[in-house]
Amino acid sequence: MNAINEAVRVERHPISAGVAMIVIDNPPVNAGSHAVRAGLIAAINTISADPQIMSSVLVGAGSTFVSGSDIKEFSLPLMDPQMPAVIAALEACPKPIVAAIHGAALGGGYELALGCDARVATPDAILGLPEVTLGMIPGAGGTVRLPRITDPAVALDLIVSGRRIAAKRAVELGLVDRLASGEVRDAAAALAAELAATTGKRRLRDLPVKRVDAGAYGKVVEAATRGGKARPQVLEAIAAVGRALALPFDEALAAERSVFQALRQGDEAAALRHLFFAERVAGKVEAGNASAIPEKVTVIGAGLMGSGIASSFLGAGFEVHMLDTSEEAVERGRQSIAAIEDQAVASGRITAPERQRRRDRLSTSSDWSNVGHADLVVEAAFEDLDVKKEIFRRLSAEAAPHSILATNTSYLDVDILAVETNQPQNVVGLHFFSPAHIMRLVEIVRGARTSPDVLATAARIARKLGKIPVISGVAEGFIANRIFMAYRQQCEYLLEDGALPEDVDAALSAFGFAMGPFATWDMAGLDIAWRTRRRLAATRDPQERYVPLLDQLCEAGRLGRKSGAGWYRYEAGAPRGQPDPVVSDLIEKHRKNNQIAARAIDADEILARALAAIINEAALVLDEGVAERASDIDLVLVHGYGFPKHRGGPLFWAGRQPGAEIAAALEMVARACGPRFRRGPVERAITLAGA
């Protein structure tokens, strides 16, 4: 063995004579750091100069090939050698080099594999070029080499979607040459020896691009432009693949790198990197040790939320028992889950056999005796404190002593529920967002007596479900809904002052929110906030500005999309609501009755006041310790309430504004939020998020 540096070594293959192994050993995921890049060039030079080596295999140590470039380096000037130089060295080596792919070959890792002369993968390996999801395009030849081994429409789709594909499918598409039936190193070594004895080098740069099906290619362009919402990296990826089809190889390669470097240093890429790293630290519990993930789960409540939660657990391989007060209720829940699964089959996300396996893991009843068999109980009942307290009293008698008892409450005090049990250390909040089988965010609510081990296990469960766990302290609305209540309040003030719901929604949608606030509340159901308002009415400060419009809508039966009318009117089958004169008349009547003189409010003021409310409340949440990190708040707003991902979350966005603009924003926050404004916490939160 010849250690090139701390991250790369060269070994002789024990069976195939004349085959060397270039081993990347940069735990935990063999990211393509500067040390890896420098080591690879030195290793290639070593095998090129050794007359006893006829060919080589490029392989990753541990559990993966190369998961991608070292993203931490992307915020800094990149040190030479950069990845294109490494791939150029692979191609210039006079001896064939075969990539042995196991685990993941993503981004720069898959581009390394494309620089080799052939690719062998394990059946369970995954491949992809996900750079667009980080605000960039492939920068080491991915857009130029991929159309030379697969249909250009397929290549473009993989690049603009950033999706990962399994090795079995990759072989069908030409992205991998062979699947390894045994040890991938041995299969790659055999192919490397075969190439050395027959064809020699097989560089992708020497191949022409595949024939273009103009119709299929055009459909991908259209879908990517529409689905990517014309984000710069999506448009640049389309242009880069277009250059690969039209220009000489080296010219297209140079243009790709130039665009990659420009995007890498832009605000959007910085925002997406912020969220990437935020996801990796979210849910960490320093003092807790996660126990084994439960196998058996009971979900109490067979409504839409309970059914969505049950579906999430079924999709992650859990055995699920769904419990409700009657057989009719659980049958409706079973039908809701079946509809979710049928839709997943129709869209190609799962197969029909997988749907049957999920159904086989589901049982339902109205019999509480089944609760004792569960390792985890998730209460997803009606958002009523007395109802939930009664459930937790029963759980105290019925649940196993080791069971984790979780509540899906959106607002209520987890500690009040915990005292109803004889095992408060096992009580934790698992606040899923609707629809629970789709939304990635889960707030893990830490009660006063929640065991750190239970907290860590809950976060691990959320990861198993494919969710993003964010830990919250106990507070009214936790992180997400507390901030959203302040946002809602400011948007309602805007209605009093002169705006209409469609004006507010248009301004926030133009900023990049997935939906405007009033359309979002209609989708969630206005009665949820209405119940909260009534619960808190006795403790409301009588001096606080209060807008009763939502109460009046709910009293009139306008509960949102589910009732056909809320802030908007909804026609059957229509994709979105329409402004309703009933609502504008209601607002006008309210202004008149309260002697409020309406004025014209432009989009800039709407946006500034709405964002000010979010930022101020986020800062208070952080200052009070309800949230542990500024980045957790950004994750919650992006994944829970549609804050534009390309802006990195509200606190990150505020921290990226020029100094003068931050000062102006602080003044706007002060004016918009009045007595709730806290300059110190806001300044600290913005600084932490932008660091």
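**Cysteines, a buried aspartate and a helix pair**

Reply: At 0% relative accessibility, C116 counts as buried, because buried means under 20% relative accessible area, exposed over 50% and partly exposed in between, with a 1.4 Å probe and protein chains only. This is a predicted model, in which local features need pLDDT of at least 70, side-chain atom pairs count only at pLDDT 80 or more, and totals for chains, interfaces and linings use all residues. Residues are numbered from 1 along each chain as its sequence is written, and side-chain values use heavy atoms, with hydrogens and water left out.

Me: How many disulfides does the count come to?

Reply: A disulfide is a pair of cysteine sulfur atoms within 2.5 Å. For C116, the nearest cysteine sulfur is that of C93, 9.9 Å away. The sulfur of C554 lies 16 Å from the closest one, in C491, which is too far for a bond. The count comes to zero.

Me: Is D497 buried or exposed?

Reply: D497 is found in helix α18. Its side chain makes a polar contact (N or O atoms within 3.5 Å, one able to donate a hydrogen and the other to accept it; residues adjacent in sequence count only if both atoms are side-chain atoms) with the side chain of R545, at 2.8 Å. With a relative accessible area of 16%, D497 is buried.

Me: Which residues of α25 make the contact with α18?

Reply: The axes of α18 (residues 480–497) and α25 (residues 630–641) come within 10 Å and cross at roughly 75°. Contact means heavy atoms within 4.5 Å. From α18, the residues are A480, N481, I483 and F484; from α25, they are I633, V636, L637 and Y641.

Terms used: Axes fitted to C-alpha atoms, helices over the stretch in contact; angles between N-to-C directions. Helix = DSSP H or I, 4+ residues; strand = E, 2+ residues; numbered from the N terminus.
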